[in-house]
Each structure stands twice: as C-alpha cells, then as structure tokens.
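Subject: Structure handover

Hello,

Here is the structure I promised to pass on. Please open it alongside this message, and then read my notes below.

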Amino acid sequence: MRFFKRPVDPVTGEKGAALIEAAIVMPVILLLAIGLSEVGFAVIDWLAVSNTSREGARVGAAAGKFDDGSQTADDLIKFVVAQASCAIEHGDLQTLRVFETDLDGNTLNNHSNTYTLTSVDCANGTASWVTNAYTWPPSSRNNTIDNLDIVGIEVVFDHTSLTGFLPLFEGTWTDTAIMRIEPDTRGTT
C-alpha cells in the first residue's frame with residue numbers, strides 16, 4: 001500500500017520532473033540567500049559606522065575645548081572613532097570630519113577639521129591620521145552655558161561587497177552625528 005507516494009503514470013513517465021524543478025528553483029533560492037547575506041552584512045556595517053559617528057560626537061561633546069598641550073579634544077575623538085571603526089567588517093574608515101554645526105547639521109563659519117585614517121591597529125589601540133584641514137581648533141570652542149557650540153562628527157567609510165556577486169551596497173557611505181558641547185561646570189574653561 002502506498003499512502004505517501006504518488007503513482008507514476010507508465011505512459012508519460014515523470015522520473016525527471018523533480019530534477020527539472022530543482023534546476024529551476026535552486027538558482028532562485030541561491031540568489032535570495034546571497035542577496036540576504038549581502039543585505040545583512042551591509043546592515044551590520046551600517047550600524048558599526050553609525051555607532052562610530054555617535055561615539056565621536058559623545059567624546060567631542062564631553063571633551064569640549066580640551067587641550068592640555070599634549071592632547072586635544074580632536075585627539076580624543078580620533079582615538080575613539082578609530083577604535084569604534086574596528087567593528088566595521090567589510091570596509092574601511094576613510095575620513096573623519098569634526099565641525100561646528102547648527103541643529104540642522106550645517107557647517108558654521110567654515111569651522112571644520114578633516115582627518116584621513118592611514119592605519120589602525122585594533123589589537124593595540126593605535127591609529128595613524130593625516131590632517132587635511134584644520135580651521136576649528138578645540139581651544140576656540142565655546143563651552144560656556146549661555147552659548148554652547150554644537151560639534152558635528154562625520155565619518156566616511158568605503159563598504160565592499162562580501163561575495164562580489166551582488167555589489168548592490170558597495171561604495172562610499174557617510175554618517176553624521178551632532179551633539180551640543182557640554183558646559184564647563186567647574187569654571188575652568
């Protein structure tokens with residue numbers, strides 16, 4: 001007795017039907033699987049890039065106009081951004097821009113510092129940066145309660161396709177985060 005198996009018609013014979021159906025369906029399933037993995041890895045990298053810009057903005061807001069002669073607020077921002085960029089798996093952080101902004105993210109007074117990341121050693125926590133533009137020194141930032149500056153952090157990163165089969169998400173991505181500089185409550189401006 002055959003309860004689960006369909007009888008084969010001896011006249012037409014359907015012995016190769018399953019093979020043909022599999023040949024039609026498998027490329028579609030494979031394409032969907034590769035596409036979904038590309039989308040998933042792109043989302044993971046986008047979250048890492050977004051986190052990188054937010055971490056830089058947090059440090060920039062907290063550091064304010066920090067400059068002790070050997071380190072500045074921008075040095076702290078560069079360190080944190082380089083370390084956060086270690087979470088980017090399928091791409092490389094290219095540039096970092098620290099700029100004075102309004103609440104809409106527009107650069108004010110042409111105040112902008114741009115740095116290019118040349119190398120990062122995630123294991124040892126070191127990175128090398130090249131300064132491209134420097135028109136907003138940390139010492140000129142306003143951290144008094146009546147007129148706080150807003151710091152913007154823009155990171156540019158180059159995303160590469162994991163498989164190269166569907167390079168839909170390859171290219172240069174940019175993310176920006178802005179935060180108001182925290183006031184100097186100790187009176188040491």
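Start with Trp 46. Its relative accessible area is 33%, so Trp 46 is partly exposed. Please keep in mind that this is a predicted model.

**The aromatic cluster**

What does Trp 46 form with Phe 157 and Trp 173? The three residues make up one aromatic cluster. There are two aromatic pairs in the structure. One of them joins Trp 46 and Trp 173. The arrangement is edge-to-face, with 5.8 Å centre to centre and 70° between the planes. This pair links distant parts of the chain. Trp 46 sits in helix α1, while Trp 173 sits in strand β5 (residues 171–180). The two are 127 residues apart.

Is Trp 173 buried or exposed? Its relative accessibility is 16%, and the cut-off for buried is under 20%. Trp 173 therefore counts as buried.

Trp 173 also forms an aromatic pair with Phe 157. That one is edge-to-face too, at 5.3 Å centre to centre and 70° between the planes. Again, distant parts of the chain are linked. Phe 157 belongs to strand β4 (residues 150–159) and Trp 173 to strand β5, 16 residues apart. Phe 157 is buried, as is Trp 173.

**The nonpolar patch**

Together with Val 39, Val 43, Leu 47, Leu 168 and Phe 169, Trp 46 makes a nonpolar surface patch of about 540 Å². Leu 47 is one to click on. You will find Leu 47 in helix α1, which spans residues 17–63. With a relative accessible area of 53%, Leu 47 is exposed. The cut-off for exposed is over 50%.

**Charges over rings**

Two arginines are worth a look here. The charged end of Arg 97 sits over the ring of Phe 99, and the distance to the ring centre is 3.9 Å. Arg 141 lies over the face of Trp 136, 4.2 Å from the ring centre.

**The disulfide**

How many disulfides are there? The count is one. Cys 86 and Cys 122 form it, with their sulfur atoms 1.8 Å apart. The link between Cys 86 and Cys 122 is left-handed, with -95° about the S-S bond.

Which parts does the pair tie together? Cys 86 lies in the loop between α2 (73–84) and β1 (91–101). Cys 122 lies in the loop between β2 (107–121) and β3 (126–134). The pair therefore ties together parts that are 36 residues apart in sequence. Cys 86 is partly exposed, at 28% relative accessibility. Cys 122 is partly exposed as well, at 37%.

Last, some backbone angles. Most residues other than glycine have a negative phi. Asn 109 has a positive phi, near 55°. Asn 110 has a positive phi of about 55°, though it is not a glycine. Where do they lie? Asn 109 is exposed, with a relative accessible area of 57%. Asn 110 also counts as exposed, at 61% relative accessibility.

Best wishes

Key. Residues numbered from 1 in each chain as written. Predicted model: local features only at pLDDT ≥ 70, side-chain atom pairs only at ≥ 80, totals over all residues. Heavy atoms only, no water. Patch = residues over 30% accessible without salt bridge, like charges linked within 9 Å, V, L, I, M, F, W, Y side chains within 5 Å. Areas by Shrake-Rupley, 256 points an atom, 1.4 Å probe, with all protein chains shown as cover. Salt bridge = Lys/Arg side-chain N within 4 Å of Asp/Glu carboxyl O. Helix = DSSP H or I, 4+ residues; strand = E, 2+ residues; numbered from the N terminus. Buried < 20%, exposed > 50% of the residue type's maximum accessible area, 1.4 Å probe, protein only. Phe/Tyr/Trp six-rings, centres within 6.5 Å; stacked < 30°, edge-to-face > 60°. Lys NZ or Arg CZ within 6 Å of the ring centre and 35° of its normal. Disulfide = S-S within 2.5 Å.
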